[in-house]
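Trainee: Hi! Could you walk me through this one? I'm still learning how to read structures.
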There are 2 protein chains.
Amino acid sequence: MSSRADPRTTQLLEAPCRTVMRGSTSPMEDAAAERRKATFDSEELAAFLAEGKDNLLRREELVKLLSSQPWGDKTHRYFLTREQEYVCGLEAMVGMWKIMREQRMSMEDGIAMRSLAYFPGGLELHIGMFIPTILSQGTPEQQAKWMPLSNRLQVIGTYAQTELGHGTFVRGLQTVAVYDESARQFVVHSPCLESTKWWPGGLGKTATHVVLMARLFVKGRDYGPHAFVVQIRDLDTHLPLPGVTVGDIGPKMGYNSVDNGFLSFDHVRVPREAMLMRFAQVTEEGRYVPPPPDNQKASYATMVYVRATIVRDSGDFLSRAVTIATRYTAVRRQTASKLGEPEVQVLDYDNVQQTLLPLMARAFSFVFMGRSMMHMYNSFDAARARNDFVALPELHALSSGLKALCTDVTAAGIETCRRQCGGHGYLLASGLPTLFNSYVQNCTWEGDNSVMYLQTARYLIKSAMAAQAGKPLTGSAQYLSAASQQAGARCGVSSPADWCSPAHQLAALTRVAAQLVAQAAQVLARAGGGRLSFDGEAWNSSTVDLIRAARAHASLYLHQNFVDCVEAAAEQRELGDTTAAVLRQLVQLHGVSLLMEVAGDLQEGGYCTGRQAGMLREQQRALVYALRPNALALVDAFAYPDYQLNSALGRKDGNVYQALLDSARINPLNATPEGPAYKPVLQALLNPEVRSRM
Amino acid sequence: MSSRADPRTTQLLEAPCRTVMRGSTSPMEDAAAERRKATFDSEELAAFLAEGKDNLLRREELVKLLSSQPWGDKTHRYFLTREQEYVCGLEAMVGMWKIMREQRMSMEDGIAMRSLAYFPGGLELHIGMFIPTILSQGTPEQQAKWMPLSNRLQVIGTYAQTELGHGTFVRGLQTVAVYDESARQFVVHSPCLESTKWWPGGLGKTATHVVLMARLFVKGRDYGPHAFVVQIRDLDTHLPLPGVTVGDIGPKMGYNSVDNGFLSFDHVRVPREAMLMRFAQVTEEGRYVPPPPDNQKASYATMVYVRATIVRDSGDFLSRAVTIATRYTAVRRQTASKLGEPEVQVLDYDNVQQTLLPLMARAFSFVFMGRSMMHMYNSFDAARARNDFVALPELHALSSGLKALCTDVTAAGIETCRRQCGGHGYLLASGLPTLFNSYVQNCTWEGDNSVMYLQTARYLIKSAMAAQAGKPLTGSAQYLSAASQQAGARCGVSSPADWCSPAHQLAALTRVAAQLVAQAAQVLARAGGGRLSFDGEAWNSSTVDLIRAARAHASLYLHQNFVDCVEAAAEQRELGDTTAAVLRQLVQLHGVSLLMEVAGDLQEGGYCTGRQAGMLREQQRALVYALRPNALALVDAFAYPDYQLNSALGRKDGNVYQALLDSARINPLNATPEGPAYKPVLQALLNPEVRSRM
C-alpha cells in the first residue's frame with residue numbers, strides 16, 4: 001500500500017505492521033520450493049505426455065500466435081455479456097479457421113489452438129458435424145456442391161437432430177420430410193410443438209444451413225429419420241427464409257458463446273437433391289432405395305468416434321482442474337498453531353492431499369485412456385476401409401461406458417478441485433467455475449450417461465449369457481468366461497503394501513466387475529420372470545444394477561489400460577527410471593482409490609475381509625505421502641500455459657493474490673467509482689434531501 | 001405450427017403428421033394423472049410443513065405482492081448482464097425492505113419474501129451482519145447513533161472480516177487498527193497485499209460503512225481482531241474516502257447480483273468511538289479493557305445461529321431442486337419399445353426414481369432438521385439470557401457437522417437433479433443451474449465444510465476420551481460411552497424388510513459412527529506418537545478419518561431427528577394416518593439410503609454380513625416402488641409457487657415444452673432476426689461481393 005500519511009502515523013504503524021507480517025513466505029517462494037522437492041524430471045514427462053518435445057514447442061508458438069490476435073486476448077474473458085460472448089466466440093473461431101487455412105496448418109494444430117483458446121463459437125457444429133456428415137453421407141455431386149462453400153464459410157451449417165420432445169430416442173423424432181413426386185420436392189414440416197428442433201450449436205443466430213434429421217415419408221410410408229441439407233436463412237440478408245422459425249434457445253449453465261438454437265418448419269419445400277443420398281435414396285419418381293446393410297454400422301462408427309474424443313477430452317479437462325487446485329493449494333497457507341509461525345500449506349492437510357492426488361491419478365489415467373481410445377478407433381477405421389467391422393461391438397461398448405465414467409468423474413472432479421481452493425475458487429477468475437459449467441454438459445449430451453452405461457451393460461449381459469452357454473469370449477469382457485469358476489477365490493492381500501501390486505488390484509477389480517454383472521443379470525432375470533430381456537419394463541426396472549455393472553467394467557478397463565501404458569513406456573525406455581517410478585506410484589494410487597470406492601462390494605461378495613478392506617485406506621495414505629513431494633512437478637508435466645488455464649489461482653509462478661487483485665481491478669463493475677446503482681437506486685436513499693429536492 | 005401453405009401440400013402432410021404424433025399424451029395430462037395416483041392428501045402435508053395453512057395463504061399473498069412490483073417480475077431474470085443483475089438485485093432488496101417497514105411486516109414475512117423473490121442484493125450483509133453486529137457488540141450510544149440511520153438505509157453497511165490471505169484462520173488477519181492516544185484516534189491500515197479485505201457482500205459498490213475486523217494494537221501490544229465501524233464512502237458523492245481503495249472483486253460462479261468487494265486502507269484515521277465497545281474497550285488514555293470471559297461464547301453463539309440457518313436453508317434448496325426434477329421427469333417421456341406406443345415416463349426408469357426418491361427423503365429430513373436446529377438455537381438463546389451457556393458446546397458441534405453434511409448433500413443433490421432432467425436441465429430456464437451455482441458457495445463459506453466437520457470431530461474425540469476415562473457423556477455423543485462394550489454386537493436383520501425398522505437403522509448408524517470415531521482416534525494417536533493432540537501436524541495428518549467420523553455422527557443425528565419428528569407429529573395427530581404412513585416410508589428410505597453409503601464400513605467392522613448389506617439394495621428398491629405413486633404429491637407438499645421456482649421444467653401444470661419455447665423467444669439474443677454477429681462478423685464472410693465493395 002502506498003504511503004501518503006504523515007511521518008508520525010507511519011512511525012506509529014511501523015512495529016504493528018512488522019508484527020502482523022512476520023512469518024510469511026511469499027507464494028512465489030513456496031511455488032519455487034515445491035518444484036525443488038521433485039524427484040523426477042518434469043520436462044521429460046511433459047515431452048512424453050505431449051508425444052514429443054516438438055509438440056511442446058509448437059504449443060508455445062501457437063500461444064504466441066493466439067495471444068497476439070485481437071480476438072485471442074483473454075484479459076476480459078470472464079467479464080463478457082452473453083451477447084459479447086457470442087460475438088467474440090464466433091469471431092475467435094472464424095479467426096482460427098482462417099489462420100488454419102492461410103497457414104495450411106495440420107488438424108493437430110487446429111485441435112491444439114481450439115484447446116488453447118478455449119472459446120467455442122457458433123462454428124462448432126459446422127466443423128464438427130455439418131462438414132463431416134456431408135463428407136460421409138453426401139454423394140460426390142453433393143460434396144462438390146457444398147464443400148467449397150463450407151470451407152470458405154460462404155455457407156455455415158449445423159446438425160439439427162434433437163427436438164424439444166426427443167433426444168435419446170432418435171427413432172421418435174417428429175419432424176417430417178414428405179416426398180412430393182409430382183413436384184420432385186420434399187415438404188419439410190414440424191407438426192407439433194415437441195417436434196421443434198432444439199439444441200443444435202450455431203443454429204440460433206449463425207447457421208445458414210442445417211443437416212436436418214427428419215422422418216422420411218415416401219408414398220405414405222414412413223422410412224424413419226434421414227438427413228437433408230436445408231437452407232434456413234437468406235444468404236444476402238441473413239433473415240430466416242419463409243416458413244422457417246429459428247432463434248437462440250437462451251442462456252445456459254455454460255457454453256454461452258455458442259448459440260444453441262431452435263428451428264421449426266411450416267410446409268417448407270426443398271428440392272429432391274436436399275436429401276443426402278450416398279446410402280439411402282429416393283428416386284425422382286418416388287421409389288425408396290434402402291441403404292446397404294452396413295450403413296447402420298457406419299453410423300455406430302461415428303458415435304464411437306465422438307465418444308472416443310469425449311474420453312480424450314476428459315483427461316484434458318480434469319488435468320486442467322487438478323493443475324489449478326494443486327498449484328494454488330501448494331502456495332496457499334492457512335492456520336498456524338502459534339501466531340507468527342509459518343502457516344500450513346493447504347496441500348499439506350491430509351484431507352486436501354488425499355483428495356487431490358487420487359484425482360491427479362485419475363487425470364493421468366484418463367489421458368492414457370484417451371490416447372488408447374483414439375488408437376483403437378484409428379485401427380478400427382483402417383479395418384473399416386476393408387469393410388471389416390468385427391471390432392465395432394467391443395469398441396462401441398467400451399466407448400459408451402468409458403464416456404460415461406470419464407465424464408462423471410471429470411465433472412465431479414472439477415467441482416472437487418474448485419472446493420479445495422476454498423472461497424477463492426468461487427471466483428470466475430480462478431478459472432474453475434467456467435471449466436465446470438462448460439464441461440458438465442458432457443454428462444448429458446452425446447448420449448446421457450445413464451444411457452451410455454446401459455449400452456455397455458447390454459454388451460456385458462450378452463457376454464455373460466454367451467459365457468453361460470459355453471461360448472468363448474474375446475475382448476474386454478473375456479473375464480466373464482471364468483467368472484463362475486472363480487466365484488470362490490479370495491483376495492491374497494496380507495499387508496497394506498500388497499495392495500500396490502497390479503496383480504492384486506486387477507484381480508480385485510475383475511472380481512467386482514464379474515460380481516456386479518452377475519448381480520445385474522440376476523435382477524434382470526427376476527424382473528423378466530426368469531428371462532433376460534433387453535428392453536421393455538424388465539430392463540427399465542433393473543437399470544441401477546446394470547449401471548453399477550457397467551461402471552465396474554469400465555473402471556477395470558481403465559485401470560488395466562493405465563497399467564499397460566505405463567509399463568510399455570517404461571519398457572520401451574520412453575520414460576527414465578525416476579519418472580517411471582513416479583508414474584508407477586500414480587498407477588498404484590489409481591488402483592487403490594478405485595478399490596476404495598467398491599470396498600463394500602469386495603466384502604459383500606466374500607472376496608475381501610474387513611481387515612483387507614481397511615488396508616486400502618492405509619495404503620492410500622502411504623501412496624499419497626510418497627507422491628506429495630512430486631505434486632507440483634506432476635501437474636507441471638501436463639504443460640498447460642498460463643494463457644490456456646486463464647486462472648489467477650493456477651498461475652505457474654504462484655503469484656496468486658496479485659493476480660486476483662489485478663483481475664478485480666479491471667472488472668467492468670468498477671468502471672465508475674460510484675458504481676452503476678448509485679444514480680438509479682442509492683442516491684435518493686442516502687441523501688434524502690436530494691430526494692426531497694427532486 | 002400455423003398453416004400458410006397451399007391446400008395440396010397440407011393434404012400431402014396430413015397422414016404423415018398424424019403418424020408421428022400418435023401415441024403421445026400431453027405433459028399436462030401426465031401431470032394430472034400423476035396427482036390422481038396419490039394415496040394421501042398433499043395439501044394436508046403442505047399445511048403441516050408450512051406450520052399452518054395460514055402461512056400457505058400468506059405465501060400466496062406475498063407472491064401477488066412481489067410479482068406486482070416492477071422489480072419483482074422474473075420474466076427476464078435469466079437474461080440479465082452482470083451490471084443489470086447487480087442494479088436490479090439491489091433495487092429488489094431495497095424494495096422489499098421498504099415494504100417491510102411500510103407495512104410493518106414480521107421477520108417471518110421478510111424471510112418468506114426473500115425466499116420467494118430469490119434475488120439477493122447488496123444489502124444482504126447490511127441486514128444480516130452489519131445491523132446484528134452493532135446490536136450485539138455496540139454500546140447503547142453506538143446503537144442509538146447507527147440504528148436509525150441503518151434502518152432508513154441512510155447508511156449501508158457490510159461486515160469486512162475475510163482478507164485475500166486469510167479466511168478460516170481469523171486469528172491471522174493482517175489489517176491493523178493502531179490506537180494513537182495523543183489524537184484519540186485509531187489508525188486503520190492494510191500493511192500488505194494479502195491484508196486486503198476480500199469477499200464482503202455489498203462492499204464492492206454499495207456499502208458506505210463497514211464493520212471492520214482489524215487487529216487492535218494499543219501501546220505496541222497486539223490484542224487480536226476487534227470490530228470497528230468505519231466509513232468508506234462519502235455520503236454525498238458515494239466516492240471512496242481518502243485513503244480507501246474499494247471495488248467489486250469480479251464475477252463469480254453465481255450470486256452475481258451481490259457486489260462482493262475488496263477494500264484496503266492507507267493510514268486512515270477514525271475516532272476512538274469507531275470501536276464497538278460493548279465488551280472490549282480502549283479508554284481515551286489508551287488502556288485496554290478486555291471483554292468478560294463469556295464474550296468468546298457469545299461469538300460462538302453467533303456462528304451457531306448462522307450455521308443453523310444454513311441447515312434450514314439446505315432443506316429449502318434441495319426440496320426446490322427435487323420438486324423441479326420430479327415434476328419434469330414425471331411428464332417427460334422418452335423411448336418406446338415400439339413406435340407409436342406410449343413412451344416411458346422418465347421417472348419410471350429404475351435409475352431415475354432410485355436417484356430422485358432418496359434425494360426427496362433427504363430434502364424432507366433436512367427440512368425437519370432445520371426446524372429442530374432453529375428450535376434448539378432458540379432455547380439456547382433463552383438460556384443464554386440467563387447466562388446459561390451449558391448447551392453451547394453440543395450445539396456448536398452439531399451445527400458445524402450438520403452445516404457441512406447438509407450443504408454437501410444439497411449441492412451434489414441439486415446437480416444430480418439437474419442431470420436427471422437431461423439436456424434441458426442445462427438451460428438457465430430450467431432454474432437448476434442458477435440454483436446450483438448460487439447454492440454451492442455454502443460449502444466453502446461460513447467455515448469451509450472440511451473445517452466444519454473437523455470442529456465436530458474435535459468434540460467427538462474429546463467425548464471418546466471422556467468415555468474412556470469413565471466420565472458420563474450427555475447429548476448427541478452419548479452413544480460413545482457404550483461403544484466399547486458394544487463392539488461385539490451384530491446386526492439382527494434377517495430379511496430386506498427388517499431394514500425398515502427404525503431400531504435396526506439407528507443401531508447400524510450408531511455402530512458406524514462409533515466405529516469411525518474409534519478408527520479416527522486410532523489414526524490420530526498413531527500420528528501423535530500415542531497421544532491425542534488437537535492441533536498441529538498429528539491432527540492435520542488425520543483429517544480424512546476425522547471427517548469420516550464427523551460425517552457419520554451428523555448422519556446419525558439427522559436420521560434420529562427425522563424419525564423423532566415424524567413420530568411426534570403422528571402421535572400428536574398433526575398428520576392424518578395416510579399422510580403419516582407415507583412420511584414413515586420416507587423415513588425408512590432415508591435410513592436405508594444412508595446405510596447404503598456406509599455398507600463397506602458396516603461390513604468392515606464385522607457388524608453386517610455381505611448378505612445383510614445386499615438386502616439394503618433390495619429394500620431401497622422396494623421402498624422406492626412403494627413411494628413412486630406419491631412422488632408428485634410429495635413434492636407438491638413443499639408448496640413452491642411457480643413464481644418462486646421460476647423454472648420452465650418445474651411448472652406445476654406440466655406445460656414444460658411451451659414454457660421452454662416461450663422463454664427462448666424473449667431471449668435478448670433474438671432481439672433482431674439477423675443476430676448481433678451478422679454485421680461485425682458474418683456479413684463479409686457470407687457475401688464476399690459485399691466485402692469486395694467495402
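Mentor: Happy to! One term to begin with: a residue counts as buried when its relative accessible area is under 20%, as exposed when that area is over 50%, and as partly exposed in between. Keep in mind that this is a predicted model.

Trainee: Okay, let me try that out. Which residues of H3(B) are buried?

Mentor: They are Ser42(B), Leu45(B), Ala46(B), Ala47(B), Phe48(B) and Leu49(B). Helix H3 of chain B spans residues 42-49, and with six of its eight residues buried it is mostly covered.

Trainee: And what covers the buried residues of H3(B)?

Mentor: Several helices of chain B take part, including H4 (53-67), H10 (350-385), H17 (543-571), H18 (577-597) and H21 (631-636).

Trainee: Which residues of H7(A) and H8(A) meet?

Mentor: From H7(A) you have His126(A), Phe130(A), Ile131(A), Ile134(A), Leu135(A) and Gln137(A). Their partners in H8(A) are Gln142(A), Gln143(A), Trp146(A), Met147(A), Ser150(A) and Asn151(A). Sorted by class, this contact of H7(A) with H8(A) has six nonpolar residues, six polar ones and no charged ones.

Trainee: What about the loop between H7 and H8 in chain B, is Thr139(B) there buried or exposed?

Mentor: Thr139(B) does lie in that loop, between H7 (124-137) and H8 (140-151) of chain B. Its relative accessibility is 14%, so Thr139(B) counts as buried. Leaving aside residues up to four places away in sequence, Thr139(B) touches Met277(B) and Arg278(B).

Trainee: Can you show me another pair? How do H11 and H12 of chain B pack?

Mentor: H11 (residues 392-420) and H12 (residues 432-439) of chain B pack at an angle of about 160°, with axes 9 Å apart. H11(B) is therefore roughly antiparallel to H12(B). The crossing of H11(B) past H12(B) is left-handed. On the H11(B) side, the contact residues are Cys406(B), Thr407(B), Thr410(B), Ala411(B), Ile414(B), Glu415(B), Cys417(B) and Arg418(B), and on the H12(B) side they are Leu432(B), Pro433(B), Leu435(B), Phe436(B) and Tyr439(B). By class, the contact of H11(B) with H12(B) has nine nonpolar, two polar and two charged residues.

Trainee: And at what angle do H2 and H9 of chain B cross?

Mentor: At roughly 110°, with the axes of H2 (residues 27-36) and H9 (residues 295-331) of chain B coming within 8 Å. So H2(B) is roughly perpendicular to H9(B), and the crossing of H2(B) and H9(B) is right-handed. Pro27(B), Asp30(B), Ala31(B), Glu34(B) and Arg35(B) of H2(B) make the contact with Arg327(B), Ala330(B) and Val331(B) of H9(B). This contact of H2(B) with H9(B) has four nonpolar, no polar and four charged residues.

Trainee: Last one! What rotation superposes chain B on chain A?

Mentor: A rotation of 180°, with 0.0 Å of shift along the axis and an RMSD of 0.0 Å. That is the relation of a two-fold axis. In chain B, the C-alpha nearest this axis belongs to Gly600(B), at 1.8 Å.

Terms used:
Residues are numbered from 1 along each chain as its sequence is written. Chains are lettered from A and ligands numbered from 1 in the order in which they are written. This is a predicted model: local features need pLDDT of at least 70, side-chain atom pairs count only at pLDDT 80 or more; totals for chains, interfaces and linings use all residues. Side-chain values use heavy atoms; hydrogens and water are left out. Contact means heavy atoms within 4.5 Å. Helices (H or I, at least four residues) and strands (E, at least two) are DSSP runs, numbered from the N terminus. Ala, Val, Leu, Ile, Met, Phe, Trp, Tyr, Cys and Pro count as nonpolar, Asp, Glu, Lys and Arg as charged, and the others, Gly among them, as polar. Copies are superposed by least squares on the C-alpha atoms of residues with pLDDT of at least 70 in both. Buried means under 20% relative accessible area, exposed over 50%, partly exposed in between (1.4 Å probe, protein chains only). Axes are lines fitted to C-alpha atoms, for helices over the stretch in contact, and angles run from 0 to 180 degrees between N-to-C directions. Angles under 35 degrees count as roughly parallel, over 145 as roughly antiparallel, 65 to 115 as roughly perpendicular and the rest as oblique. A crossing is left-handed if the near helix is turned anticlockwise from the far one by less than a right angle, and right-handed if clockwise.
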